[in-house]
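Dear colleague,

Please find below the structure that I am handing over to you. My notes on its pockets follow.

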Amino acid sequence: MEVTIQIDGKELHVEQGSNVLEAALTNGIYIPHLCHHPDLPDIGSCRLCIVEVEGREGVWPSCKLEAEEGMKIRTDSEQISHLRNLSMELILAAHPEDCSTCPKYGQCEMQTLIQYMGVSATRMNTRVKGIKMNDSNPLIIHDMNRCVLCGRCVRACADLRGVGVLQYNKKEMETYIGTLHDRLLKDSDCRFCGACAEVCPTGTIRDMVNYTAVEKRDTLIPCQAACPAHADVPRY
Ligand code: FES
């Protein structure tokens, strides 16, 4: 059954119970999001996609919000912007600032999001995870220092491919994505389908063919993510 909802004053006719974030995106209304991927079940963890709903208290993650008849949704306000920026700062606290040395530089979803939101620095205590880059598997590189724990790879592995090799691990209070007993992918049930690399929004899980190393550049390209490490470099 179709219902009528309003997002930022725009009237939309969508299936009852459909995902508000998807409804907005397919109708040309952009809401920042990171853990959401159209092919994966939503977990609502990044809190970037928050919206306000008329008549309801607080903010709601639009990726976990079901469309209901007459719903009036706001995607931007002072409260939303404050909380959304705070969520981005929390994400950045555990992400290295060296964007320009990342092989995904310029093709990174997270970098684009940072630019869109204009939040490139964090006031939180930063945590360098110190996980060594792992390139001992065929086809896929793991650089877990860059992981923002959006969980897309875990869902792609389990829900999309039905394999379930990637999981959330914990060591000394730090959560990271790994395999059972930290086995190498080649020693696990991994089929090297590449779904994890495809959905990764950062340079964390990369396919070896396209993202082995930073391209050799003739000139210094200022960091588009405007990271603090490059604050003195002119941006364009
Ligand atoms: Fe909705 Fe992450 S995209 S919480």
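**Pockets in the model**

Strand β8 (residues 174–178) gives the largest share of the lining of the largest pocket, 4 residues. Strands (E, at least two residues) and helices (H or I, at least four) are DSSP runs, numbered from the N terminus. The model is predicted: local features need pLDDT of at least 70, side-chain atom pairs count only at pLDDT 80 or more, and totals for chains, interfaces and linings use all residues. Residues are numbered from 1 along each chain as its sequence is written, and side-chain values use heavy atoms, without hydrogens and water.

A pocket is an open set of points on a 1 Å grid over the protein atoms alone, where a 1.4 Å probe fits, with protein on both sides within 12 Å along at least five of seven lines; lining residues have an atom within 4 Å of a point. The largest pocket holds about 430 Å³ of space, a volume being the space filled by probe spheres set on the points, which are joined across faces, edges and corners. Its lining has 20 residues, with Ile131, Met144, Tyr176, Ile177 and Asp182 nearest the centre.

The second largest pocket has a volume of about 340 Å³. Among its 18 lining residues, Leu90, Ile91, Ala94, Val148 and Leu149 lie nearest its centre. Here α2 supplies the largest share, 4 residues. Because domain 1 (2–89) and domain 2 (96–215) both give residues to this lining, the second largest pocket lies between them; the domain bounds come from an automatic or database domain assignment.

Yours sincerely
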